[in-house]
Amino acid sequence: MILPAIMTCAILALAGIFLARDHRQMNLVCIIQAAAFVFIAVSYILSGQVPARLLAVGSPYFFVDHLGIYEILISAVIFTCAAIYARGYVDGLLASGELEKGSLRLFYIAWALLLPVLAIAFCADNLALFWIAAELTTIISAMLIAILAARENIDAAIKYIFIASTAMLFSFAGFIFLFEISRSVTGTGSLNWTVLLSEASRFPEGMAMAAFVLVFIGFAAKSGIFPFHTWLPEAHAKAPSAVSAVLSGVLLNIGIYGIIRVYAIVHQTAASSTAALLLLIFGLLTVGIAAFSMFPQKNLKKLVAFSSVENMGFILVGLAVSTPLAMFWVIFHILAHSVTKATLFLSAGILHRQYRSRLSSEAVDDIHDVFRYQPLAAWGIIIGGLVIIGMPPFPVFFSKFFILVGLGALSPALLFIMLVLLFIAAVAFGYFTITVFSRTTAPGQSQDLAPYKTPASMKIPVVVLLVLLVVLGIWFMGGEVSIIQNIITELRFS
Amino acid sequence: MIESSLLAEIIKIFFICIIITAACIISSRNLLSVVSAYALQSLTIVLIAISLYLMEGSGVILAIATVTFISKVLIIPYFITTIQEKIRIKRDIQFHFLSPTTSLIISIGLMLLVYIALSRIMAAFPARDTLFFFGSVLGISLMLMGMMVTFSRKRALTKVLGFLSMENGVLLFGLFVTELPFIIEFLIVIDLIILVLLTTILTVGLDSTLEDYHRRLHRFHLVEEPEGTK
């Protein structure tokens, strides 16, 4: 009964936040809620009842399959880390006056709503319900960005809402198309993904492609694909770091998830190769734009945000290859990217508190003597950076390697271009880290900067995520492999 | 009972009305008239839905018409007008990339493009009559025109209206292409209302100074009073 479980968690959490008297209690409620979601996801996976049918779900509009539960698990883990981190981080924001005390409850209400809405999106069998949940995540996360009530934040939030929502309307038109296709093929229209997938082989090519293009526009905007990526760097750079981690590690996934679902349907039709070409073109363009935008960046969070854009593009390229092997590593890349981005943003948040840089996308980070002041955050950025540029033995290396192998089999020229672009992105990241982190002042000179005492609640999530990254890279759990293989079978890519 | 051929003619007249309101939204510099054009556009869609109900007798369409009337003809325009009075912006004379005339010419081009594209795609369908085809062409065109407003206007409030007009396009498209379950249409309206609420509240933040903004938020009880001032 996943739906009642999600609803109960959401209602209890909201009630808890309303009753809570201070920041610590509100934060505790959010941590418990996220942990409860981890528990729900793990218990579903262990129960072996996935894909669950009606009885275990509670409604014909919803279902649970391996992809959904996998995404919920990733989201819940990132949320748990980010919520623990928020304990110390939000205290800092309150102390510095960046977050007003009056907005605190609103912040935690939005936070506590976001995870249940995400879970509902990942459980929705009906694509229109998925669309609505995805729209709600845009609205709620825009609130989390605007909460700091600096003009720049409101600006970024409005830009995010407008770009994502206008594009998502195209997706909805695409779903209307899908509904009509299924009605003309089966007689009774349905927007249930399971029904659409089973009937997909009978869908006419032109209509399926038109539906895919429309749906792609919306979810591309949601996941920051070129040319709709412009909101992403600003929103991710200006949001509070705990929120940035969630935005990048969880919310981008929802766009990719939507694209994967609809691509799985189109993959069964004659339009499959045209759709793959579309994904390939936009994937390459996105990686290219992101790689070249990373170079001139002087702001750490914006650099990390552009790296998210790059990775989303890379996932599209992996989807375009669409062999079972590439699909396996695409699904794995989603996990690896989420964990890495959470690590990077949480570490960047510690540096932000230390150096008091404004939460702005234009401000140049004034970082120096980083190993003296914040060694953990520095190592978080360095290791996270090594992971995201694809160094062995970290997890992203494997996903990048195997997707590139697939791309090479498709076209050696494209492989070459891709390698160059990835190299540029890696150099940009490395250049930034080396120049910024090697900046030192003589011991006597920087008396004005008091070391920021990072609370344990901000350190623990970074350490946990770093350990998780290393574990993911060197140890492939049997369960992990079988879940991803099940996902590919259920998406009918095998 | 009215004859369905007559109803089809009436619907065609309503199509013209929608194009006129869309042109108004694109070109008008006066914010109030943009809001009324939007309300009128929504009303026209309600009338189209009622005519469709008379033709086909489907209860779902009538329900959609009711929800649309309440939300898009009454609530949303009222809300936007109120906000607009609060922030005292009457005119939106700044256009980003496109002047109104260029926008109008581009929208004509867009409609032609949509017509050509859809006539190719729809060829796969079992013969649908021309009314439904025109309805879907107009729906998609309205979406594109709304998008143009969203990206060419400078004031966030006008952008909201562009977005709303896009959503009208989706509704029109949905009405003519297929019949979605009512619950979904209803949820979309809820989603839309939340979205409009949030964006307009944020808009107030953009168009006034921050201290002012916080005072207003307090007045609307959106944030709590700081401890000690209660």
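This is a predicted model: local features need pLDDT of at least 70, side-chain atom pairs count only at pLDDT 80 or more; totals for chains, interfaces and linings use all residues.
Author: Residues are numbered from 1 along each chain as its sequence is written, and chains are lettered from A and ligands numbered from 1 in the order in which they are written.

Reader: How many residues does the contact take from chain B and from chain A?

Author: Two residues are in contact if their C-beta atoms, placed from the backbone, lie within 7 Å. Here chain A and chain B each supply 37 residues.

Reader: Which helix of chain B gives the most to the side that touches chain A?

Author: Helices are DSSP runs (H or I, at least four residues), numbered from the N terminus. On that side of chain B, α4 (100-121), α5 (130-152), α6 (156-177) and α7 (182-207) each supply at least two residues. Helix α7(B) gives the most, with 11 residues.

Reader: How many residues of helix α10 of chain A are buried?

Author: A residue is buried if 20 or more other C-beta atoms lie within 10 Å of its own, exposed if 12 or fewer, and partly exposed in between; C-beta atoms are placed from the backbone. In α10 (residues 231-238) of chain A, 8 of 8 residues are buried, among them W231(A) and K238(A). Their cover includes α6 (127-146), α7 (151-186), α11 (241-267) and α13 (300-321) of chain A.

Reader: Why does S119(B) count as exposed?

Author: S119(B) counts as exposed because it has 11 C-beta neighbours inside 10 Å. S119(B) belongs to helix α4 of chain B.
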